[in-house]
Amino acid sequence: MLALQGYYDGQKIQTLEVIQAKKNQKVIITVLDEFVEEMPVRKEHSARGLLSEYADTGLWEKEKTAWEKAVAEKYADA
């Protein structure tokens, strides 16, 4: 027999540990008078998707020529 910790998320039982049970294996579920802190749902993003939330679209035009302007300013006195 194995004891695992978990919680009910409002729809199904979620274990807090990896469960080593086989399909159709019987389990005993005990409901406690204790609660776990609800975890925020985390969205998976690529780096591009995550950074796009902070993009300032007004700067896109300036970014197109930023490198050329920086080089011109650096070598203007040379």
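Here is a short walk through the structure above, from its overall fold to its largest pocket. Keep in mind that this is a predicted model.

Let us start with the secondary structure. The protein chain holds 2 helices and 2 strands. The overall form of the protein chain is more spread out than a compact globule, because its radius of gyration is 27 Å, well over the 12 Å that the globule rule gives for 78 residues. The box filled by the C-alpha atoms, taken along the principal axes, comes to roughly 80 × 25 × 20 Å.

Next, have a look at how much of the protein chain is covered. How many of the 78 residues count as buried? The share is 0%, where buried means under 20% relative accessible area. In total, the protein chain exposes about 8,700 Å², and carbon and sulfur atoms supply 55% of that area.

Finally, turn to the open space. Rolling a probe the size of a water molecule over the atoms shows where empty space is left. The largest pocket has a volume of about 1,300 Å³. Its lining is made up of 31 residues, and those nearest the centre of the pocket are Leu4, Gln5, Gly6, Tyr7 and Ile13. Which strands contribute to this lining? Both β1 (6-8) and β2 (13-15) do, each supplying at least two residues.

How values were computed:
Residues are numbered from 1 along each chain as its sequence is written. This is a predicted model: local features need pLDDT of at least 70, side-chain atom pairs count only at pLDDT 80 or more; totals for chains, interfaces and linings use all residues. Side-chain values use heavy atoms; hydrogens and water are left out. Helices (H or I, at least four residues) and strands (E, at least two) are DSSP runs, numbered from the N terminus. The radius of gyration is taken over C-alpha atoms; the globule rule is 2.2 Å times the number of residues to the power 0.38. Buried means under 20% relative accessible area, exposed over 50%, partly exposed in between (1.4 Å probe, protein chains only). Accessible areas come from the Shrake-Rupley method with a 1.4 Å probe; for residues, only the protein chains shown count as cover. On a 1 Å grid over the protein atoms alone, a cavity is a set of points where a 1.4 Å probe fits but cannot get out, and a pocket is an open set with protein on both sides within 12 Å along at least five of seven lines; lining residues have an atom within 4 Å of a point. Grid points are joined across faces, edges and corners, and a volume is the space filled by probe spheres set on the points.
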